[in-house]
Amino acid sequence: MRITRSWLNEFVNLDGISNEELSTTFNSIGLEVDSVTEYNIPEKVVVGRIVSCSKHPDADKLNVCQIDVGNETLQIVCGAANVVEAEYVAVAVVGAVLPGDFRIKDAKLRGVESSGMVCSSTELGLPPLGDGIMILDDSIGTLEAGRALADYEKFNDTAIEIELTANRGDCLSINGIARDVSVALERELKPSSYTTTQKDKLGVARLAEIQSKGESEANLRFLIAQASGIKTPFLIRLRLAMVEIAAKSNIENLINYATHATGVVLRAYDAEGLKDEGGRVRLQIANRTPAIVDVISCQKTISTVGLNQNEECKAKDTSGLLLIEASYIHPEILVEAAAEGKYDKDELYYKTSRGSEPNLEFGLEYISVNLEQNSSCKFYEGHLTVSSPWEPARISADTQEISAIIGQDIPKTKIVSILSNLGFGIQSGSDGKFVVIVPRFRHDIKNIQDVTEEIVRIIGINNIQEKPLAFVEHNRHNDVLARHNFKKSLRHKLSAAGFNETVSYIFADGAKQKKYGFDSVGNVLDLANPIAEDLNTPRTTILVNLLEAAARNVSYTERSIGLFEIGAVFDRTRQQSMRVSMLFSGQDESESVLNSGKPRKVDFGSFVKRVQSVLGEMKMVACTYHNELIHPYQSANVIYRDRLCGFITKLHPAVQEEYGLGDTFMAEFEFDTLMPVHINATAISKYQGVYKDLSVVIDKSRRYREIDNALGELEIGILKRWYPIDVYEDEQLGDKKSLTVRFFIQSYEKTLQDTDIEEVMQSVMNKLQEKCEARLR
């Protein structure tokens with residue numbers, strides 16, 4: 001974005017502000033200055049009035065001019081073709097030194113004396129204004145022959161190029177820049193007085209009408225004027241050159257000037273070519289989509305709002321009737337819609353895609369005044385208008401929160417003042433709270449952080465006091481973190497127990513799950529568009545995935561395969577839960593000298609020990625799970641902290657054979673049942689405990705679970721725990737078997753006497769005789 005100081009000064013008073021201070025201000029409020037170019041007219045360059053101009057007697061391309069420079073009339077030979085059209089020009093008199101150390105001296109050109117030089121813009125160090133010399137007019141001030149050109153402040157200007165971030169489309173105009181600068185410098189914007197002086201106007205409805213169907217995102221306002229003799233004043237040509245906007249036709253120059261000044265996107269059409277057979281201009285607003293809106297007249301599209309304009313319909317300097325369009329469309333909506341289709345875009349799309357000025361009337365007022373000053377024109381009363389619904393965003397704000405983000409206490413009055421001056425609305429509340437109403441031209445403001453950034457910009461980042469970072473960590477302990485930490489811990493334990501982690505898809509082959517007797521989510525809840533034919537349904541178990549992974553490892557000649565996965569599964573209604581699944585197959589240990597290269601195979605006992613090293617204390621009871629992977633005799637439910645958490649099993653021989661596996665063992669647990677629970681600390685006895693073994697004879701068919709349940713009925717405080725240590729069978733016992741159980745007995749109150757111990761053991765024996773028909777061995 002390029003601006004000039006004098007142009008900016010028309011919007012905000014810059015008196016007493018040096019270029020250096022202005023650049024510093026720009027940088028401090030986030031408008032990064034990329035370059036500064038100062039223009040200064042050399043000494044002895046004055047305004048000259050051409051008294052006469054005649055052809056050089058000995059050169060077809062030269063003219064001999066008599067030029068009044070105030071105190072004398074100079075004869076100057078000039079080679080510029082446009083000198084014959086000029087009245088006032090810039091004259092470098094003898095003794096002037098122009099850029100490039102070019103000194104002006106008396107000279108004789110083809111036999112004719114010449115005292116001075118009529119200058120072009122580039123010869124004075126100004127940007128190019130086209131071919132030929134500069135032709136001055138009163139747009140720079142009252143022209144006086146002989147007055148130093150440097151006395152006209154519009155010449156001694158400064159061009160500033162500002163690098164804008166993509167979200168600051170509101171600053172793609174002189175008006176937008178002035179809005180921010182006025183707040184930073186604590187100076188009010190100059191009141192706009194862009195009103196035409198014409199009093200007698202015909203109503204626009206006499207000549208034109210507009211029709212719109214349906215809701216669209218476009219905002220449009222049209223002005224109609226009769227105009228003739230349109231010209232581009234010197235000042236406008238000079239400023240457009242300084243901001244690097246190419247000079248075009250006079251009407252285009254005025255349109256570009258107004259757009260750059262106000263930020264409102266303006267387009268001009270030849271309205272004579274848009275009249276129907278009845279001599280009326282009929283505009284239709286047609287929505288391709290809510291964001292792609294065409295303006296149609298005489299059955300042809302004259303523009304697509306925010307994107308382009310039909311070149312055939314553009315206004316020319318000779319157009320007697322002008323239709324001027326001002327438009328606005330939300331940039332984010334426009335860009336998204338434009339990306340979905342291949343649309344032609346013109347140079348104004350850069351502004352519309354980043355955010356133009358939504359105050360359309362301001363833009364039309366500005367161009368109207370410029371037309372009135374630089375042409376003979378007559379305006380029609382009123383505008384043709386189409387508006388889209390819009391509700392401003394409201395952001396709840398708190399003085400304390402804003403101060404905390406900034407790291408410095410900012411008074412509420414200061415915050416409100418800054419935001420109000422930047423164009424934000426404020427609804428005050430109590431206790432430092434208030435609501436910020438975001439203006440339409442600041443579409444990029446979404447949250448309290450964005451609001452805070454606006455305040456920091458104006459205060460100035462260099463004015464924020466430096467202090468150490470105060471980092472206060474909030475309590476992050478919650479169920480999510482607890483689950484994450486436990487999962488991490490569980491993975492480490494499983495790895496330490498000889499299992500390797502696998503990661504597989506949460507999708508599975510529905511037919512295979514049904515084959516092995518697992519639940520299915522059903523056809524209605526299956527995947528509509530699976531990524532592969534064999535991944536067509538959410539999985540209800542992880543065990544099948546582990547089996548397939550184990551089979552692949554066998555094909556890689558792995559001899560010891562330990563796998564686990566902690567992942568999601570789904571029930572019949574597609575509700576998600578977490579499971580922990582394990583598999584071990586093949587060798588239980590590595591080949592070594594210790595085992596003569598013949599390591600033992602994994603069995604049910606060794607697999608249980610691996611699982612127990614991960615979970616800790618657990619119990620196993622008769623298996624109640626049913627699927628085709630479970631072995632009919634070597635399987636069990638696992639009880640963990642008195643809760644059923646899953647099952648452990650040897651893989652069914654038929655499935656082992658199908659997958660080409662040796663003896664394979666598996667377990668699958670509900671993740672939630674394994675989650676750690678808070679356990680209150682209990683007292684530890686200071687008295688020595690006693691271990692006591694008891695061997696009993698019971699029926700071979702009796703399970704240990706029955707023994708355990710019977711002992712659990714005892715309510716003996718000093719009997720702490722028990723567990724089996726030996727099972728013995730031989731021919732002498734017949735249909736009986738010997739079971740040895742070890743008991744731990746301890747008192748919190750005293751050292752146990754033999755009588756205390758014998759009393760406990762007698763109670764144990766009595767209970768086993770009663771419940772399990774046991775007899776002492």
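User: How much space lies in the largest cavity?

Analyst: This is a predicted model, and the structure holds one cavity of 30 Å³ or more. Rolling a probe the size of a water molecule over the atoms shows where empty space is left. The space in the largest cavity comes to about 50 Å³.

User: How do the residues of the lining of the largest cavity divide into nonpolar, polar and charged?

Analyst: The lining includes Leu172 and Phe441, along with Asp170, Arg179 and Glu357. Gly169, Ser173, Thr262, Gly263, Gly355 and Ser356 line the cavity too. The division is two nonpolar, six polar and three charged.

User: Which residues of helix α3 are buried?

Analyst: Helix α3 spans residues 174-184 and is mostly covered, with ten of its eleven residues buried. Buried here means under 20% relative accessible area. One of the buried residues, Arg179, also lines the largest cavity. The buried residues are Ile174, Asn175, Gly176, Ile177, Ala178, Arg179, Asp180, Val181, Ser182 and Val183.

User: Is Gln299 buried or exposed?

Analyst: Gln299 is not a glycine, yet its phi is positive, at about 65°. Gln299 sits in the loop between β19 (293-297) and β20 (300-304). The cut-off for exposed is over 50% relative accessible area. Because its relative accessibility is 82%, Gln299 counts as exposed.

User: Where is Asp642 found?

Analyst: Asp642 is a residue other than glycine with a positive phi, near 65°. Its relative accessibility is 74%, so Asp642 counts as exposed. Its place is the loop between β34 (630-640) and β35 (643-651).

User: What is the nearest cysteine sulfur to Cys298?

Analyst: A disulfide is a covalent bond between the sulfur atoms of two cysteines. A search of the whole structure finds zero disulfides. Cys298 is accordingly in no disulfide, and the nearest cysteine sulfur is 8.5 Å away. That sulfur belongs to Cys313.

Definitions and conventions
Residues numbered from 1 in each chain as written. Predicted model: local features only at pLDDT ≥ 70, side-chain atom pairs only at ≥ 80, totals over all residues. Heavy atoms only, no water. 1 Å grid on protein atoms, 1.4 Å probe; cavity = no way out; pocket = protein on both sides within 12 Å on 5 of 7 lines; lining within 4 Å. Points joined across faces, edges and corners; volume = space filled by probe spheres on them. Nonpolar A, V, L, I, M, F, W, Y, C, P; charged D, E, K, R; others polar. Helix = DSSP H or I, 4+ residues; strand = E, 2+ residues; numbered from the N terminus. Buried < 20%, exposed > 50% of the residue type's maximum accessible area, 1.4 Å probe, protein only. Disulfide = S-S within 2.5 Å.
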